[in-house]
Amino acid sequence: MAREVAGRDTFAKLLFDQAALRGDASAIREKRRGIWGNITFRMLSDEAAHLSLALAERGIARGERVAVIGDNRPRLFGAIAATHALGGVAVPLYPDSSAEEVAGQLRAARVSAVFAEDQEQVDKVLDILPNCPGVRLVVYDDDRGMRHYVHPGLADHGHLIDEGQALAAKAPDAYRQAVAAGQGSDEAFVFFTSGASGAPKGVVFTHAALIGRTRAAVQAQGLTASDTTLAFFPPGWLCQTMFSYMSSMVAGLCICCPESLETLIDDMREIAPTSLLTTPRMLDAIFSRISTRMEETGGINLVLYRRALALAQRVGRQRMEGYAPGAVNRFGMAAYGALIYAPLRDILGMSRLRSACSTGDTLDPAMQGFFQTLGIDLRQVYGATETAFFVAMQRHGDEGRGTVGKPLDDIAVRISDRGEIEVRSDGLMAGYLDDPSAMAAVRSADGWLRTGDAGILEPDGNLRLVDRMDAIGRLADGTVFAPRMLESRIRFSPHIRDAVVVGDGRDGICALVDIDTLAVGRWADDHAIAYMGHADLASQDEVYGLVADWIAEVNAGLARDPATAALQIRRFALVPEELGTENGFLTPTGKVRRHAVTERFAALIEGLYAGQSEVMLETAAVEEGHHGPVALKIREASVVGVPGSRRAA
Amino acid sequence: MNVVTQSHIPGVERAYPIGEPILELDSISLRFGGVQALTNISFDIREHEVRAIIGPNGAGKSSMLNVIGGLYTPQDGTIRFRGEKFANMTPGKAARLGIARTFQNIALFKRMTVLENIMAGRRLFTHANFLEVALQLPRARREELESREKAEEIIEFLEIQQIRKTQVSRLPYGLQKRVELGRALAAEPQILLLDEPMAGMNVEEKQDMCRFILDVNDHYGTTMVLIEHDMGVVMDISDRVVVLDYGKKIGDGSPAEVRSNQDVIDAYLGVAH
């Protein structure tokens, strides 16, 4: 294995190098049956070698596309590595996608082979196989329940590796030759956009583009081979695969795979990763969990916790205004550090965290402040699937101002006349799947790609994200507003999971609010309010009162800033269904599908503007005991001041 | 009696086809003082099958299971295990023969974790004495590791990874039932006796439990004997069903046969006796 493969321009060559240079280092760790197993770069490279030979034997050729569906598992990364080894293109799909979605994506990407994690995914693929004539091979990893399956195109992952091992014995140089034949300009991945606005689109990337962006990402975070990351978002999200597989190939860091999403918090505590990808939604969930558990603790712990947070906020403000904290505050910070911040970091599995990146949505400055108080280096990163993600990142000193940071060194960013963010870099997509016209529609002749995001480039070089271009609304009086900013402020309450604000073409802003069942449930228990299930909880007058108080606070906050004073939330309603991935209201990465929500609750929105205090809505019988139409309540929110200044936000 | 070779998925051979009788009960009668709990009951249990004992409340189902498990000694009748006759079965003997069970009112160690409970089910396979365990001598260490490995396999099989370190008393009822099944499985039984595994569960929990019962049978080939008073659930997952009423056997056969048996229909519809 000592022979080098020239150039480090494909992921396969990078893996070959990692295996040759540091073969005994951990590439992947996976918790299975309670124990963290270890897969070294040499083991991963061997698996890629054997599996790729077996795939080639079964007729999968250079340039063909291979889909992988499943969670972050060593076998999934092995399948991607094998695909790259034989010069194929990996197409990671979302495990939560419906069979129809998967069928559409397999057809769109003209996939020849599919790696499906388990019976659930195999069932999905076999169901749709008649509609996907291109798929010749379906490989499964977990054999539980698979004994009954008899299908000519079906193969066991483990058997394929054995087959490949035999082939490798006959042709020991085949793997190296196949790897050496790859070039940076070859296609490496196809990712599907999350579809927050419109149908998911397949986006094609070359090795060179993604390796370039990953190098920039690794450098910006200061990651090295001694770092560890935990991968738990779906691999179909480019961002996650860049933080796991691609970073591991480029920088040699170790990817940890949790046992399951249910055990994530324990697994994270055991591993204590040094690098983490996260989203505002996940941070919200962690924050809610801490707050509710602290409130439950009560007594001295709660008092200390509150004081620790208050002090940290004071000191944070002072630092931002340029003062050094005094001796008393410094002593306080050190004391609370030992008593509160460090134990909390440990419980969250963040004790060794050096770099945490939040993306996918705008991070509320207060939320960011909370985590920074705990001593966690949490920074906002901005990018889209089409731009291979790492476009801008907050540097030290940029935090807490609501921007997404400065563009990375090798990227050019400008704001168009329409207020849209445009990006030029070597890391852009090669194109949309089989649709050259779609690419031409978003990229100018001189290489500027329209991101579809509205933004502002501030004088100090920081990029401020406003919202998606098509989400930006204009009130009847002409006031421009960005729903995303308002929603993230509403969401900051531990009792609220999500919010969708409306108001385009209307005379004021209204909000649909989705409460956090767990947190509000606990609150209801404390206040002796009986309820059964989410829908019932979301219809209680007391809960409406709780949310109304919060929205009044949000309105007061908006009123303090002249730029947002006109954007008062006038009325709101609580939605009876939890907004989730399974009911189609969220994308697999947890972003709200605005259209799905406004369509489903169209009657409610009309009611909000018609001044009604109640709207009847057909439910999908979500919970036992709730059939037929339910009455949804609407409440006025207390507004601050009269919207006088009519200027654009 | 036609022997079932079809698995629960149509058109596919079972991994463990139903074999010869593993347990034969002949003319079993059980009395508690003046109360005749079981009267002259005979039936057999074939290897690798899912066998249900059903009947209305008070029909003698649990007594029957306790006779098989060795908790009760019948006054009359014989029990044969793989052809060998046992005059009086005891719980210890039953365990060594490979008979494990779960209880109607969950009998877990409430203050121990899920993992500890399941490892406790490995008692038959550990031989290290108190001193060896206390001093962590090689045999004790090896056995502990083996137990842990087996327990983790079961935890994965039953999909309870997220609660492995949770104290049992803090778990909801449905999960406790699943843990109890896990502890019984840890004994690697040949026959698994399940006393009302689905009692008190909601529909979703019942479906989960049915799936696990079939999965255990399919994956480990374990012979399953389960008691249930809810006929509907049992009919879908059993190969053969025995029906008891007032301590007497009133039906025995495939679910279809039992369903069309007039005595059974009467017993369930509550005809006056």
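# A guided tour of chains A and B

Select chain A and colour it by domain: the assignment, which is automatic or comes from a database, gives domain 1 (11-210 + 231-262), domain 2 (280-351 + 353-426 + 434-468) and domain 3 (473-636). Before going on, keep in mind that this is a predicted model, in which local features need pLDDT of at least 70 and side-chain atom pairs count only at pLDDT 80 or more, while totals for chains, interfaces and linings use all residues. Residues are numbered from 1 along each chain as its sequence is written, and chains are lettered from A and ligands numbered from 1 in the order in which they are written.

**Domains 1 and 3 of chain A**

Now show domain 1 and domain 3 of chain A together, whose C-alpha centres lie 40 Å apart. Their contact involves 9 residues of domain 1 of chain A and 6 residues of domain 3 of chain A, where two residues are in contact if their C-beta atoms, placed from the backbone, lie within 7 Å. On the side of domain 1 of chain A that touches domain 3 of chain A there are 5 nonpolar, 3 polar and 1 charged residues; here Ala, Val, Leu, Ile, Met, Phe, Trp, Tyr, Cys and Pro count as nonpolar, Asp, Glu, Lys and Arg as charged, and the others, Gly among them, as polar.

**Chain A as a whole**

A cartoon view of chain A contains 21 helices and 29 strands, which are DSSP runs numbered from the N terminus, with helices (H or I) of at least four residues and strands (E) of at least two. Of the contacts in chain A between residues at least 6 apart in sequence, 66% join residues at least 24 apart.

The mean for chain A is 88, and 95% of its residues reach 70 or more. Select residues 621-626 of chain A, where pLDDT stays under 50 and the model has 10 contacts beyond four places in sequence, and then residues 642-649 of chain A, where pLDDT also stays under 50 and the model has 17 such contacts.

**The nonpolar cores**

In chain A, 48% of the 649 residues count as buried, a term for residues with 20 or more other C-beta atoms within 10 Å of their own, whereas exposed residues have 12 or fewer and partly exposed ones fall in between, with C-beta atoms placed from the backbone. A nonpolar core is a set of buried Ala, Val, Leu, Ile, Met, Phe, Trp, Tyr and Cys residues joined through C-beta atoms within 7 Å. The largest such core has 177 residues, and A:Ala85 and A:Leu512 are among those with the most contacts inside it. Centre the view on A:Ala85, which touches residues including A:Ala12, A:Tyr175 and A:Val179, when residues up to four places away in sequence are not counted.

Select A:Arg345, which is found in helix H13 (residues 327-347) of chain A and counts as partly exposed because it has 19 C-beta neighbours inside 10 Å. Leaving aside residues up to four places away in sequence, A:Arg345 touches A:Met350, A:Ser351, A:Leu374, A:Gly375 and A:Ile376.

Move on to A:Ala272, in the loop between helix H10 (264-271) and strand E12 (275-278) of chain A, where phi has a positive value of about 45 degrees although the residue is not a glycine.

**Chain B**

Finally, select chain B, which is divided into domain 1 (18-98 + 189-273) and domain 2 (110-187), with C-alpha centres that lie 27 Å apart. In chain B, 11 residues of domain 1 are in contact with 10 residues of domain 2. Highlight helix H7 (203-220) and helix H2 (91-97) of chain B, each of which supplies at least two residues of the side of domain 1 that touches domain 2, and note that H7(B) gives the most to this side, with 4 residues.

How values were computed. pLDDT is the predictor's confidence in each residue, from 0 to 100.
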